[in-house]
Amino acid sequence: MGNLKSVALPLLLSFSLLLLPFAESIYFTNYHIHVRNDLPLLNSPPNQPNLLLHCKSKNKNIGDRPMAKGQDYTWDTKINFFRTTLFFCNARWVGHKSRSFDAFDAIRDEERCLEYHTSCMWSVRSDGIYFSFNNETWYNDYPW
């Protein structure tokens, strides 16, 4: 029995040390999700919300967020142990269109959102919902 402890304990310790850098980089990182209203005003008054955003995960319901043009809504999350963290949103352009999108998917976003201050940047526009990993180059990931 003593021989098993002398072998198992160092192996367990070595395995734990190998996983430490991986765990620090993924499981302890605080990701920032930003959704910005870049919709045109059209018939809306300037400070009147023209976007209704509702975001949630399995465990956290952020609720409805009325957003005026130019407003940015931000929240933070960490990746869970099983890498299943998912925040999904419904963006409703008042009087026009509605679209659901995944604002944060751990497997998809754990690497691509690290580049710009651990942020996932989203922009709701007249032709769709855009993603950027650096706040400079934008991709229409979810057309209306």
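Which residue stands opposite Val 124 in E8? The residue opposite Val 124 is Ile 129. The points below start from the fold as a whole and return to that pair.

1. **Basis of the note.** This is a predicted model, in which local features need pLDDT of at least 70 and side-chain atom pairs count only at pLDDT 80 or more, while totals for chains, interfaces and linings use all residues. Residues are numbered from 1 along each chain as its sequence is written, and side-chain values use heavy atoms, with hydrogens and water left out.

2. **Overall fold.** The protein has 2 helices and 9 strands. Both kinds of element are DSSP runs numbered from the N terminus: helices are H or I with at least four residues, and strands are E with at least two. Along the sequence the pattern reads α-β-β-β-β-β-β-α-β-β-β. Of the 144 residues, 34% count as buried. Here buried means under 20% relative accessible area, exposed means over 50%, and partly exposed lies in between, using a 1.4 Å probe and protein chains only.

3. Strands of a sheet pair through backbone hydrogen bonds, either parallel or antiparallel. In this note, two strands pair if DSSP finds at least two bridges between them.

4. **From E7 to E9.** E7 and E8 are antiparallel and share 5 bridges; in this pairing Val 124 faces Ile 129 of E8. Ile 129 also stands opposite Tyr 142 in E9. E8 and strand E9 (residues 139-143) pair in the antiparallel sense over 4 bridges. These two strands form a hairpin with 6 residues between them, and Asn 135 in the turn has a positive phi of about 65°.

5. **The loop between E7 and E8.** Asp 127 sits in this loop. With a relative accessible area of 38%, Asp 127 is partly exposed. The C-alpha atoms of Asp 127 and Asn 140 are separated by 8.1 Å, although the two residues are 13 residues apart along the chain.

6. **The sheet of four strands.** A further open sheet has 4 strands in the order E3-E2-E5-E6, with antiparallel pairing. Its edge strands are E3 (61-67) and E6 (97-105), and each pairs on one side only. The twist averages 15° from one strand to the next. Strand E2 (residues 51-56) is joined to E5 by 6 bridges, and Leu 52 stands opposite Arg 92 in E5.

7. **The core.** A nonpolar core is a set of buried Ala, Val, Leu, Ile, Met, Phe, Trp, Tyr and Cys residues joined through side-chain atoms within 4.5 Å. The largest one has 27 residues, of which Leu 53, Trp 75, Phe 101, Phe 104 and Trp 122 touch the most other members. Strands E1 (31-37), E2, E3, E4 (72-77), E5, E6, E7 (119-125) and E8 (128-132) each supply at least two residues of this core. E5 gives the most, with 4 residues.

8. **The largest pocket.** A pocket is an open set of points on a 1 Å grid over the protein atoms alone, with protein on both sides within 12 Å along at least five of seven lines; lining residues have an atom within 4 Å of a point. The largest pocket has a volume of about 200 Å³. Its lining includes Ser 57, Lys 58, Thr 84 and Phe 88. Strand E5 (residues 86-93) gives the most to this lining, with 3 residues.

9. **Two residues with positive phi.** Arg 83 lies in the loop between E4 and E5 and has a phi near 60°, a positive value in a residue other than glycine. Arg 83 is partly exposed, with a relative accessible area of 26%. Thr 118 is not a glycine either, and its phi is positive at about 50°. Thr 118 belongs to the loop between helix H2 (106-112) and E7 and is buried, with a relative accessible area of 18%.

Key. On a 1 Å grid over the protein atoms alone, a cavity is a set of points where a 1.4 Å probe fits but cannot get out, and a pocket is an open set with protein on both sides within 12 Å along at least five of seven lines; lining residues have an atom within 4 Å of a point. Grid points are joined across faces, edges and corners, and a volume is the space filled by probe spheres set on the points. Axes are lines fitted to C-alpha atoms, for helices over the stretch in contact, and angles run from 0 to 180 degrees between N-to-C directions.
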